[in-house]
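Subject: Structure for you, with notes

Hello,

Here is the structure I promised. Please open it first, then read the notes below it.

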Amino acid sequence: MNSLAETSKWERIFWPILASALFIATWHYCVAWSGTRVFPSPRQVELGIGELLHKNVLWMDIIDSLRRVAIAFGTATIVGIPLGLALGWYPEANQVVNPVMQILRPISPIAWIPVAIIFFGVGDHAAIFLIFMGAFFPIVVACINGTGNVPSTFRRAGRNFGLSPTQLLARVIFPAALPQIIVGLRLALGIAWLVVVAAEMVAVDSGLGYLIIDSRNSGKRYDLVVAAMILIGVLGLILDLCFRRLEKIKSVRWGFQ
Amino acid sequence: MSLKKKILISSVGWVVLISGLHAYMNVNWPAILNDYRPLAQRKITVAYIPVTCQLTCPVTDYISKVSEGGEIFMPRLFQGFPEIKEALISNRVQAAFIVAPLAIALAAQGVPIKVVYLGHRYGSAVVVRKDGPIKTFADLRGRTVAIPSRFSDERLLLFRAMKVWGLKPGDLKMVEMAPPDVSGALAAGAIDGFSMGEPFPSQAEMGGYGRILFQARDYWPDYMSCILVVRQDLIDKRPEVVQELVDGIARSGLWLDKGKTNREDAADFVGRFYYRQKPALLRWALTKPMDRVVYSPLAPRKPDFDMVRDLMIETGVLNKKIPFEDYADTRFSDGAISQTAWKYEAGIASAK
């Protein structure tokens with residue numbers, strides 16, 4: 001099978017399930033064979049998830065994490081897209097801002113933790129700030145590149161039709177750059193989900209990151225730790241799947257074909 | 001030279017350079033060589049964190065190294081209890097100083113460890129902001145207080161005080177923090193107070209932003225917090241090593257309680273070589289006043305532990321009444337009963 005072949009529907013469901021089953025089986029037998037009494041088996045993790053659900057904190061933690069990501073990612077989008085479009089539109093401005101941004105960009109959001117706590121104290125705001133720092137730069141950079149890559153014929157055609165600069169940006173440049181912006185947004189959402197867990201490990205007392213730390217602090221309860229890890233993975237996957245549906249919208253689909 | 005060759009040579013060169021620098025600067029060679037010794041000569045690793053409750057650990061190591069027949073174990077510095085717990089569970093360290101309730105909880109969860117000795121008595125305090133609104137314990141109602149772990153005597157201490165002041169369990173918001181972080185958090189206003197072992201109360205006092213609300217002994221006579229636990233397999237296979245360790249800790253305890261000179265000396269070498277804290281800070285914690293922390297007698301007593309266990313059950317962090325004998329082994333403290341203080345005096349090391 002190569003990448004050009006159409007996969008049939010049953011194959012698209014069957015193979016992933018088989019791979020997951022194999023993974024869980026390998027995990028189960030590794031635990032059984034090594035005889036470890038510390039690392040949990042899949043069954044224990046399942047019970048761990050049940051216990052977390054039973055304690056009634058799980059939904060609150062999930063909602064808290066999602067809420068923080070929504071606020072931070074939303075803010076990063078609202079601030080980042082116009083800024084990125086503007087910088088892409090005015091390359092001179094971009095040249096001025098670029099060095100500072102390229103220095104700030106590689107700094108891991110985790111490295112901002114001490115500063116975030118000084119600015120915002122321990123709480124929601126610090127966590128949201130950290131997630132924002134993680135999501136903001138990929139969005140801005142994607143917008144700058146997207147705008148820069150719009151063929152100049154599009155701009156000239158737009159001008160010939162008598163569009164004002166604002167109209168040109170909103171009706172020609174933005175739609176043309178949208179596929180690239182969507183890729184940037186998807187990347188940023190992935191990073192935001194990575195950062196929310198790390199941020200919740202230090203700054204707050206709710207959310208999935210806190211759930212990991214809380215389970216770690218409760219003695220030898222690695223079943224709960226692994227349960228929380230799996231939940232984070234599954235929720236991340238769901239977020240990504242939802243976002244991929246955006247790529248199927250007609251106005252951006254052309255960019256992916 | 002072809003491009004392929006260039007890339008290959010520079011990547012290999014880079015890996016060799018980094019590995020060489022790592023081996024030269026970072027690798028703890030004595031610890032690695034120790035793993036290749038025959039079992040009978042192998043030294044055990046003892047985990048500790050930089051608090052004065054565990055001062056006997058570095059003191060024993062230092063004195064045995066400079067004035068006796070050489071070190072008797074390998075001390076290993078950690079920054080918080082979760083890390084120590086994980087190292088202990090996975091047998092990376094064979095003995096550790098941890099808080100008593102954590103030891104009881106781990107034993108109740110089936111981790112094969114035994115309490116063999118105490119680290120100290122007293123030496124914890126509840127600290128609030130110096131210029132803040134909290135004048136009495138009752139003012140802490142609705143405030144955030146940092147504790148080292150949900151399984152800590154510092155947390156239980158708060159509950160004891162809450163009983164006296166008529167506060168209900170939900171009245172205080174307790175957050176778990178690594179001990180070295182609390183002073184900064186208090187100074188920044190991120191927390192309203194903390195219940196921690198020395199030298200962090202002293203650090204807040206010396207820094208001018210913290211005020212001691214009360215000492216542990218005010219609400220808990222004979223208070224104990226950090227204790228020495230040893231893995232069961234070590235007790236079974238090499239009891240003489242455990243005895244040597246407990247003897248050393250006992251001798252250090254007596255040595256520390258001999259007088260101010262010894263404490264000031266300990267503050268100096270422990271601060272410089274072990275805790276990486278300012279000696280002045282440890283000097284403050286150890287001598288202002290002298291009975292802020294006490295290092296003898298350190299034999300584990302059943303009534304103390306029963307009280308801790310019952311308080312843990314009452315505050316919801318333990319679910320079974322595990323008997324003292326299941327998590328403590330008193331034969332080593334009994335064996336150390338006739339130990340005397342080290343003969344070491346400040347200056348001996350340099351004179352030699």
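Start at M224(B). This residue lies in the loop between α9 (216-219) and β11 (226-231) of chain B. Helices here are DSSP runs of H or I with at least four residues, strands are runs of E with at least two, and both are numbered from the N terminus. M224(B) counts as buried because it has 25 C-beta neighbours inside 10 Å. The cut-offs are these: buried means 20 or more other C-beta atoms within 10 Å of a residue's own, exposed means 12 or fewer, and partly exposed is in between, with C-beta atoms placed from the backbone.

What does M224(B) touch, leaving aside residues up to four places away in sequence? The list is A100(B), L118(B), R121(B), D153(B) and D304(B). Contact means that the C-beta atoms of two residues, placed from the backbone, lie within 7 Å. C53(B) is 171 residues from M224(B) in sequence, yet their C-alpha atoms are 8.8 Å apart.

Some ground rules. This is a predicted model: local features need pLDDT of at least 70, side-chain atom pairs count only at pLDDT 80 or more, and totals for chains, interfaces and linings use all residues. Residues are numbered from 1 along each chain as its sequence is written, while chains are lettered from A and ligands numbered from 1 in the order in which they are written.

pLDDT is the predictor's confidence in each residue, from 0 to 100. Chain B averages 85, and 98% of its residues score at least 70. Within chain B, helix α1 (residues 3-25) has the highest confidence, at a mean of 93. Helix α17 (residues 348-351) has the lowest, at 53. For the model, ipTM is 0.70 and pTM is 0.77.

Chain B overall

Chain B has 17 helices and 12 strands. Along the principal axes, its C-alpha atoms fill a box of roughly 80 × 55 × 45 Å. Buried residues make up 46% of the 352 in chain B. Take the contacts in chain B between residues at least 6 apart in sequence: 79% of them join residues at least 24 apart.

Domains

Chain B divides into domain 1 (1-36), domain 2 (37-122 + 224-351) and domain 3 (124-219). The bounds come from an automatic or database domain assignment. The centres of domain 2 and domain 3 of chain B, taken over C-alpha atoms, are 24 Å apart. In chain B, 28 residues of domain 2 are in contact with 22 residues of domain 3. On the domain 2 side, α5, α13 (279-287) and α14 (302-314) of chain B each supply at least two residues. That side has 21 nonpolar, 6 polar and 1 charged residues. Nonpolar means Ala, Val, Leu, Ile, Met, Phe, Trp, Tyr, Cys and Pro; charged means Asp, Glu, Lys and Arg; the others, Gly among them, are polar.

Chain A against chain B

Here 15 residues of chain B are in contact with 10 residues of chain A. On the chain B side, α4 (81-89), α5 (100-108) and β8 (173-176) each supply at least two residues. By class, that side has 9 nonpolar, 4 polar and 2 charged residues.

Backbone points to check

Most residues other than glycine have a negative phi, and most peptide bonds are trans. These are the exceptions to look at.

- E198(B) to P199(B): the peptide bond is cis, with omega near 10 degrees. P199(B) is in the loop between β9 (193-197) and α8 of chain B.
- K288(B) to P289(B): this bond is cis, with omega near -10 degrees. P289(B) is in the loop between α13 and β12 of chain B.
- Y122(B): phi is positive, near 60 degrees. Y122(B) is in strand β5 (residues 121-122) of chain B, and counts as buried with 22 C-beta neighbours inside 10 Å.
- R276(B): phi is positive, about 55 degrees. R276(B) is in the loop between α12 and α13 of chain B, and is exposed, with 10 other C-beta atoms within 10 Å.

Best wishes
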